Each structure stands twice: as C-alpha cells, then as structure tokens.
Amino acid sequence: MRIRTALAVTAAAAGTLAAVATAPAQATEYSSALKIKAVQYDAPGRDSNSCSSGNTKNEYLTIKNYSSGTTVNLKGYVVKDATGNKFTFPANHYLEPGDSVKLRGGRGTDSDAGNVAYRQNCNFIWNNDKDSIYLYKSSGARADVHSYTKSANDRDGNGYITYHG
C-alpha cells in the first residue's frame with residue numbers, strides 16, 4: 001500500500017511556487033482523547049476464521065483513552081481498514097481516563113470491567129502484510145489513523161505493533 005502524502009504549495013513573493021514538506025497520513029495528530037494504542041494484526045498460529053475453532057479472537061486492536069479527565073463512551077465509534085471493512089461500537093462502552101479496550105475478532109461478551117469488546121464476526125479484518133487502521137468518532141470526525149507494513153513496522157515479526165506509547 002502506498003502511504004498517502006499531502007503537498008501544500010504556496011506562492012512566494014517573487015511569484016514562484018515553493019513546495020512545503022510532505023507528511024505521511026499516519027503522522028497527523030487528531031484532537032481526540034481516544035487513539036489507537038496497538039494492533040495484533042497477525043493472530044498467532046495458522047489463520048482460521050472458524051467461529052468454533054478459529055483464532056480470530058487473537059486478532060485485536062487496542063484503543064486507549066489518553067485524556068487526563070474525560071470518560072469517553074465508545075458507542076457509535078467506527079473502526080475500519082483500508083478496503084472499507086468496518087465495525088461500529090453498537091452499545092455503551094465507557095473508557096475512563098487511562099483505560100483501554102481490546103476490540104477482538106470473533107464472538108464473545110463485551111465487558112466494561114474486562115475492557116474487551118467483540119466484533120461478533122469471525123472474519124479477520126487486518127491484513128497480515130500491510131493495512132491502514134482508521135478510528136472515527138461517533139460524530140464522523142477522524143480520531144486516529146495508522147498505516148503499517150509488516151516489513152517496515154513489525155521489526156520482530158510477531159504480528160504486533162504499538163502506537164502512542
């Protein structure tokens with residue numbers, strides 16, 4: 001996948017054009033308390049999306065509330081990938097400041113106390129070689145985005161990448 005860049009062009013006083021440095025899409029910081037903390041994009045073991053015996057529960061996205069004083073309700077937040085596969089948090093799920101939630105594949109019971117939510121879908125969402133992860137607020141505004149490639153971002157090859165410390 002190509003990393004998208006933004007190019008700003010300004011007119012200089014002499015009438016010539018000068019290009020301003022480009023920045024990858026994932027470098028943009030959004031004003032959101034919730035951010036993508038990590039992704040286990042390649043579930044350990046052989047990929048199997050069988051609901052009864054597969055390993056989609058081992059593919060997960062960690063979303064963290066980086067706010068120092070605001071509790072955030074995930075209801076209506078959307079997570080999606082580069083091709084448009086998406087999940088919308090259908091119910092109230094509250095993240096206190098500093099809390100995180102693991103959004104897992106597969107079927108299961110969501111738990112505020114256990115900080116886990118399930119996509120209720122046994123298909124994998126993240127590609128094992130490269131993908132983009134988008135997090136949108138319930139208002140539709142973008143909260144965070146990260147692109148990865150296995151070769152560039154997963155130096156130890158364990159299928160897990162962290163963002164935002």
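Modeller: Happy to! Two strands pair if DSSP finds at least two bridges between them; strands themselves are DSSP runs of E with at least two residues, helices are runs of H or I with at least four residues, and both are numbered from the N terminus. With that in hand, Ala38 stands opposite Thr162 in β15. This is a predicted model, in which local features need pLDDT of at least 70, side-chain atom pairs count only at pLDDT 80 or more, and totals for chains, interfaces and linings use all residues. Residues are numbered from 1 along each chain as its sequence is written, and side-chain values use heavy atoms, with hydrogens and water left out.

Biologist: What makes β5 and β15 a pair?

Modeller: Three bridges join β5 (residues 34–40) to β15 in the antiparallel sense. A pair needs at least two bridges, so the label holds.

Biologist: Which sheet do they belong to, and why are β12 and β15 called its edges?

Modeller: The sheet is open and has five strands in the order β12-β11-β6-β5-β15, with mixed pairing. β12 (116–118) and β15 (160–162) each have a single partner strand, so one side of each is left without a neighbour in the sheet. Neighbouring strands here are turned by 25° against each other on average, direction ignored; the axes are lines fitted to C-alpha atoms (for helices over the stretch in contact), with angles from 0 to 180 degrees between N-to-C directions.

Biologist: How do you know that β13 and β14 are paired?

Modeller: Seven bridges join these antiparallel strands, and the definition asks for at least two. Tyr134 stands opposite Val145 in β14, and Leu135 stands opposite Asp144. In regular strands, side chains alternate between the two faces of the sheet. The β13 and β14 hairpin has five residues between its strands, and Gly140 takes a positive phi near 100° there.

Biologist: What is the order of strands in the open sheet with β13 and β14?

Modeller: Four strands line up as β9-β8-β13-β14, with antiparallel pairing. β9 (86–88) and β14 are the edge strands, each pairing on one side only. From one strand to the next, the twist averages 10°.

Biologist: Why is Phe89 called buried?

Modeller: Buried means under 20% relative accessible area, exposed means over 50%, and partly exposed lies in between (1.4 Å probe, protein chains only). Phe89 has 4% relative accessibility, so it counts as buried. Phe89 lies in the loop between β9 and β10 (94–95). By the same cut-off, six of the eight residues of β14 are buried, so this strand is mostly covered. Over the chain of 165 residues, 35% count as buried.

Biologist: Which residues does Phe89 touch, beyond those up to four places away in sequence?

Modeller: Ile63, Leu74, Lys75, Gly76, Tyr77, Val79, Leu103 and Ala117, where a contact means heavy atoms within 4.5 Å. The C-alpha atoms of Phe89 and Val78 are separated by 6.5 Å, and the two residues are eleven apart along the chain.

Biologist: What makes a nonpolar core, and which residues have the most contacts inside the largest one?

Modeller: A nonpolar core is a set of buried Ala, Val, Leu, Ile, Met, Phe, Trp, Tyr and Cys residues joined through side-chain atoms within 4.5 Å. The largest one has 24 residues, and Phe89 and Trp126 have the most contacts inside it. At least two core residues come from each of β5, β6 (60–65), β11 (100–104), β13 (130–136) and β14 (142–149). The largest share, three residues, is supplied by β5.

Biologist: How do you know that Cys51 and Cys122 form a disulfide?

Modeller: Their sulfur atoms are 2.0 Å apart, and a disulfide is a pair of cysteine sulfur atoms within 2.5 Å, so this pair qualifies. A search of the whole structure finds one disulfide. The link is right-handed, with 120° about the S-S bond. Cys51 sits in the loop between β5 and β6, while Cys122 sits in the loop between β12 and β13, 71 residues apart.

Biologist: Is Cys122 buried or exposed?

Modeller: Buried, because its relative accessible area is 6%, and the cut-off is under 20%. Its partner Cys51 touches Arg107 as well as Cys122, not counting residues up to four places away in sequence.
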